[in-house]
Amino acid sequence: MMRISRALLSFSLLLSLSCLIHAQTAQPMFQSQVVEPTYQFTISWAIEEPDIILTASAQCNCWIAIGWHREGSSDTKMTNADIVVATFDEMGSATVTNYWAITTHPPSPNPTPAVLQGSGYQMNGYSFLQFRRPLVTNSTTTNNDINVNGTTNFIWAHGNTASSDANQFNYHGHTDTNRGEVDIDLATGVVTIPKQKSTWLAQWHGTLMTFAFGFCLSFGVFSARYLKYYYWWFPLHIITQVSGTLCAIAAFILAFIMSEGNHFKTIHSFFGISVLSLAVLSCVLGATSHFMYNPHRSKIPVFPDQLHWWVARLCVAASYASIILGMRQLGVPIQLVYVFSGLVAFYIIIYIYLDIYSWKTKKQSGDYLTPHINE
C-alpha cells in the first residue's frame, strides 16, 4: 500500500512539473491578417495580459512599420499615431524604434517609448518585426493605449522598393502597396480594411508632368533654337510653352491635393516646385520679350531675351531630373526609368549634333540665313 501511495505521489509531482514547464514554454496564440497582397504585408497579434505582442512582415528587403491610433479617435494616417519601425543593416539585423507622429510629416522618436521588447530580421527576401508593449500605458500624450475589447485603427508601411536605401527609414511613397490602414478587433479577429485613396492622382500627376516637360517645353526650346528659319516657329513655340506650363500647373495642383498640403517631404518635391517656378518665369520673360521687341536693335539684350533663353533651358534640364526622381518615388518599373533616361540622352545628342552641324555649315558657306523673329 505504501509503495502505491509513493508511486501516485511521484506521478502527481511529475504531472505538476510537466504542466508548469509547459505553461512557461507555451507559445502565444497569434492571429494574422494579410493587409496588402502585392508585398504580402502581414500583421499578427497575440494578447498576453497585460501586454500585447505585435508582428509585421513583408516580402521585400526594406524597413517596415506598424502604428495605431487611440481608441475613439477620428485621426487617420500618421496623425497622432504611435508607430514602431524596424530598419535593417547590410547583415539583415534590425534596429527597432518607437516613433510618435503629430501630422503626416516625418515622425520623431517617441520621448517616452513604451516598447518593452523589440526585434526583427531579414531572410529570403522577407522583412520581419516583432515587439511587446503594454496594452495600457495611462499616457495622454505620446503613447496610445490598445483596447482588446474594441476596434483599433492600425496603420502600416514599408520602404519604397525602388529606392537605393529602402532599408533606412525614409519616405514610403504615395502608392497603396507601400502604406495603408486597417481596423482590427483584437478580441474577435475581425478585420476591416478602409477604402484606400486611389493612386489615380499620382498617376495623372506623373503623366501631366512628363507630357509638360518631356514633350511640350522640350519641343518649345527646340523650336526656338533650331526652327527660326521657318515663319511658323513662333506660334508653335507659344502653343507648346503655354500648354506645357498649364499642364505643369495642373499636375502641381494634383500633387498638392495628394499630399494634403505637405508637399515638401522629398527631393522630388523641391525639384518639382522649382521647375514649375522656372516654367512660369520663362513664360513671363517670353511675353515681356515679345512686347518689348525692337526691330532696330543692334544686339540681343540680356533682359529679357537672353534671360528668357537660359531660364527656359535650365527649367527643361531640371525637369528631366525631377521626372526621374518622381518615377523612382512612385515605384514605376526601372525599365521605364531607363527608357525615359534614354530619351533624354537622345535629346541631348540631337541638340549637340544640330549645334555642330549649324556651326560648320555657316563657317564653310558663310550663308547666314535671316531667322523669322517674333514680329
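Modeller: Happy to. One definition comes in handy at the start: a charge sits over a ring if NZ of Lys or CZ of Arg is within 6 Å of the ring centre and also within 35 degrees of the ring normal. Please keep in mind that this is a predicted model. With that said, find Trp-310 on your screen: the charged end of Arg-313 sits over its ring, 4.6 Å from the ring centre.

Now to rings that meet other rings. A pair of aromatic rings is described by how far apart the centres are and by the angle of the planes. Searching the whole structure turns up 19 aromatic pairs. One of them joins Trp-63 and Phe-169 in an edge-to-face arrangement, with 4.8 Å centre to centre and 90 degrees between the planes. Trp-63 is in the loop between β3 (51–58) and β4 (64–68), while Phe-169 is in the loop between β10 (151–158) and β11 (179–185), so this pair ties together parts that are 106 residues apart in sequence. The two partners differ in their cover. Trp-63 has a relative accessible area of 1%, and because buried means under 20%, Trp-63 is buried. Phe-169 has a relative accessible area of 30%, so Phe-169 is partly exposed.

For another geometry, turn to Phe-215 and Phe-219, whose rings form a stacked pair with 6.2 Å centre to centre and 10 degrees between the planes. Both residues belong to helix α2 (residues 200–226), where they are four residues apart, about one turn of the helix. Phe-215 is partly exposed at 44% relative accessibility, and Phe-219 is also partly exposed, at 30%. These two rings belong to a cluster in which ring pairs link Phe-211, Phe-215, Phe-219, Phe-222, Tyr-226 and Tyr-351. If you colour those residues, you can follow the cluster by eye.

Let me widen the view to the charged pairs. Five salt bridges are found in the whole structure. Arg-132 makes one of them with Glu-48, the closest N and O atoms being 2.7 Å apart. Since Arg-132 lies in strand β9 (residues 126–134) and Glu-48 in strand β2 (residues 41–48), the pair ties together parts that are 84 residues apart in sequence. Arg-132 is buried, with a relative accessible area of 18%, whereas Glu-48 is partly exposed at 26%.

The partner of Arg-133 is Asp-82, and the closest N and O atoms are 3.0 Å apart.

What about the surface? A nonpolar patch there is formed by Ile-238, Val-242, Leu-246, Ile-249, Ile-253, Ile-257, Val-280 and Val-284, and together these residues have about 640 Å² of accessible area. Helices α3 (233–258) and α4 (267–291) each supply at least two residues of the patch, with α3 giving the most, six residues. Ile-257 is one of the patch residues; it is placed in helix α3 and is partly exposed at 47% relative accessible area.

Apart from its neighbours within four places in sequence, Ser-282 is in contact with Gln-241, His-308, Val-311 and Ala-312.

Finally, here is the whole chain. It has six helices and twelve strands, and 39% of its 375 residues are buried. Among contacts between residues at least 6 apart in sequence, 60% join residues at least 24 apart. The chain exposes about 21100 Å², of which carbon and sulfur atoms supply 64%.

Terms used: Residues numbered from 1 in each chain as written. Predicted model: local features only at pLDDT ≥ 70, side-chain atom pairs only at ≥ 80, totals over all residues. Heavy atoms only, no water. Patch = residues over 30% accessible without salt bridge, like charges linked within 9 Å, V, L, I, M, F, W, Y side chains within 5 Å. Areas by Shrake-Rupley, 256 points an atom, 1.4 Å probe, with all protein chains shown as cover. Salt bridge = Lys/Arg side-chain N within 4 Å of Asp/Glu carboxyl O. Buried < 20%, exposed > 50% of the residue type's maximum accessible area, 1.4 Å probe, protein only. Phe/Tyr/Trp six-rings, centres within 6.5 Å; stacked < 30°, edge-to-face > 60°. Contact = heavy atoms within 4.5 Å.
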